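I set out below what I looked up in this structure, entry by entry.

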Amino acid sequence: MEQKRREAWTARRWWFAFLVALLLLCSVASAQIRYSVPEEGKEGTVVGNIAKDLGLDKNTLKERRYRIVSGSTDPLFHVNQNDGILYVNRKIDREEVCERSSACLISLKTVLETPLEIHYVEVEVLDINDHSPTFPETEKLLEMSESALPGKRFQLQAARDPDGDQFSVQQYRLSNNEHFRLEVKDRGEDGKIPTLVLQKALDRETMGSHSLVLTALDGGKPPKSGTMNITVDVLDVNDNTPMFNKESYSVLLNENVPVGTTVTRVNATDLDDGQNGDVVYSFGNSVNNRLFKLFEINQSTGEIIVKGVIDYEQKDRYVIEIQASDKGLAPLTTEKSVIIKIVDMNDNPPEIEVTSFSDAISENARHGTTVALISVSDLDSGLNGKVICSIREDVPFALTQSLKKNMYSLITKSHLDREITSQYEITIIAKDAGQPSLSSEKTVTVIVSDVNDNVPEFSMNPYTFYITENNAPGASLFSVRASDRDENDNAKIVYNIARDGTDNNKLTSFLNINSENGDILALKSFDFETFKTFKFQVVATDSGTPSLSSNVTVNVFILDQNDNAPVILYPVSANGTAEGVEEIPRNVNPGHLVTKVRAYDADIGYNGWLLYSLQEVTDHSLFALDRYTGQIRTLRSFTETDEAEHKLVILIKDNGNVSLSATATVIVKAVEPKEAFAASDVKTAAKDEEENNVAFYLIITLGSVSVLFIISIIMLIIMQCSKPTEYSSKYLQETNYDGTLCHSIQYRSGDRRYMLVGPRMSIGSTIVPGSNGNTLVVPDRRRASGEVRRIFE
């Protein structure tokens, strides 16, 4: 009797175990745990025992292919399939992984097969104080007027510390000085901004310069610090600051607008005259460096112009500090914030990722068996980012949405029969709710098979290789390796390259692979300047019946060599040589910009970094060349003994290991100055209609001046005739007055500046015969031919 009871109890236990196994096969299990690890940990540091924390049997982990699903070529973590312990795979730099984030959480997705289970693991990377604050520049020069009142504020560039939260910059300290004190303003994500405040009036006659030291400290224990030396030069009397015409500027800007689009225009005026009243615009010192890649400002007009790609998904709002400064000896500056709000456009189609895929499924699989896990995402926001997935074909598969947002499972919904259909091409369509709607497709191939239940596995997935350009054709580049847990013919692997004819695989025709060992050969040399990277897929197939295969993505990066010599853009090359002629007046001051030699190099990095040097020059004391910009400036003024023509040969070379170079020749001709006009910057950019109106008034004015001139001559003749002969010979030297010009009156009309000229002797200007003595002709500097253009008629 006792024996029967024991047999009945054993039968019930086996029946209960069968029901539990059946439930596990019909669903995908998921769980989530969380660990923390400090940054800069060594490779192999233990993060946690996932198998123990999830209650998994570590003896089955390897059989069930326990792994971390990641698209990274160099993952931060890896899991040991023998014991389920999560390790650090490489040194983690929190500032690189989670830049400017208060909490650094890394989500990992782990997968077990047969049955399929998904477990989500979050690892928090803890920050350590491993960076010191640094200023963008170690030396700062400020120029301040001695008339500046106490309370005057001068915003300084903030120090940056890549560490987060309490280890970032926490405070600033200023060296003791009775004239200045320091204020710090918290700008949120831009950090703390130091401001130098004048607390006691400056006296240039007492002290013409002040030296300060600004120290930035982070929140470490002990804190780390960085310093910036500030030199304040005391200048005189520019007492009116530019004033913006608006209290605030706010503008809406659509993302993806073309480069060169004007965002808005700021306008400021200055009540001072001359240079002290001319206003120039620039970005403020607190503007983040990444904004310089997106926007630029016209110094003269104040127009903010799009310089790079505006992407709402990266940032939806920008605050730019604009400075308006005059051109006084001690420039005065006013700042104003411009708020740019980015408007989201539906410019990102949904992305489909097959995170776990079984390309073959047994024909006796039960209904509801999971074939693949699919995740969809859309970088847009709102309705533009809401995605709905569906299957196009009428196939015995269905998509079911999981508890996690935008995650789907591809499962079987009816009986499969390999003898009827051995393979299914399933097209997954993801469509967002934007207007107009964007969609994308992903085709998944499902093979129905039996018996041979192990597919080849690559040692890495994906592969990443780096090769140098100009490689030898026919030489072996790299190898891929795969293994199969089956045996005999089912474990014999044949390699081949996937060639589907798409643009992504257009280079596969130039590759060949050894089908037995996976060695990949290049049939041509690669050129870095033509393309820098490409990828293709390698397929490994076993010899089972039916055969099973798997593929791996191979990412290839071409490395640059210094194989391009500099190309000279200016002066323009002709007949194989680059030679240009520049004319400058003899009376130019030291530092005068003669010209700028321009060149570029198709290589990148040091191979494309160009340096300029004077290879040949007739007078080293007269000219200087900026080795980085190619600008040629005068070192001193011309003397009477200096030659009228100078030849400069400029050598432009790159910084490659084997440097390549090119030369350009600049002929500088010193010509006599045109003293008929004191204002050499007269511009002729106004419209024809405005020019005609100004000429009309000039004719009237010059006519009046001519009448006064004639009357003056008549009065002189009368006075001459009324004096004795001795008196006339004594005070009237000559009567051959040549009627040239004596004085000038300047005035503006729009963007143009005009000059009225009265009678007196003048060099460099002539009265044109037949023009009634009222037409002044000057050389047109914009025309290389040297032809003469009439300015006043």
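With which residue does Glu124 form a salt bridge? I found Arg34 as the partner, with the closest N and O atoms 3.3 Å apart; a salt bridge here is a side-chain nitrogen of Lys or Arg within 4 Å of a carboxyl oxygen of Asp or Glu. Glu124 lies in strand 7 (residues 117-126) and Arg34 in strand 1 (residues 29-38), so the pair ties together parts that are 90 residues apart in sequence.

Basis of the entries. I note that this is a predicted model, in which local features need pLDDT of at least 70, side-chain atom pairs count only at pLDDT 80 or more, and totals for chains, interfaces and linings use all residues. Residues are numbered from 1 along each chain as its sequence is written, and side-chain values use heavy atoms, with hydrogens and water left out.

Further salt bridges. I looked up Arg64 and found its side chain in a salt bridge with Glu117 (2.8 Å, N to O). Arg64 lies in the loop between helix 2 (50-54) and strand 3 (67-69), and Glu117 in strand 7, so parts 53 residues apart in sequence are tied together. Both Arg64 and Glu117 are buried, meaning under 20% relative accessible area, with exposed over 50% and partly exposed in between (1.4 Å probe, protein chains only). By contrast, Arg34 is partly exposed at 48%. I also recorded a network of salt bridges that links Arg65, Arg67, Glu113 and Glu457. Within it, the closest N and O atoms of Arg65 and Glu113 are 3.2 Å apart. The structure holds 13 salt bridges.

Strand 33. I examined residues 463-468, where the side chains alternate. Tyr466 stands opposite Phe557 in strand 40.

Leu142. I located Leu142 in strand 8 (residues 139-145) and noted that Leu142 is buried, with a relative accessible area of 12%. Leu142 touches, among others, Phe154, Leu156 and Ile230, a contact being heavy atoms within 4.5 Å.

Whole chain. I recorded 5 helices and 55 strands, which are DSSP runs (H or I, at least four residues; E, at least two) numbered from the N terminus. Buried residues make up 39% of the 793 residues.

Methods:
Pairing = 2+ DSSP bridges. Lists of a residue's contacts leave out its neighbours within four places in sequence.
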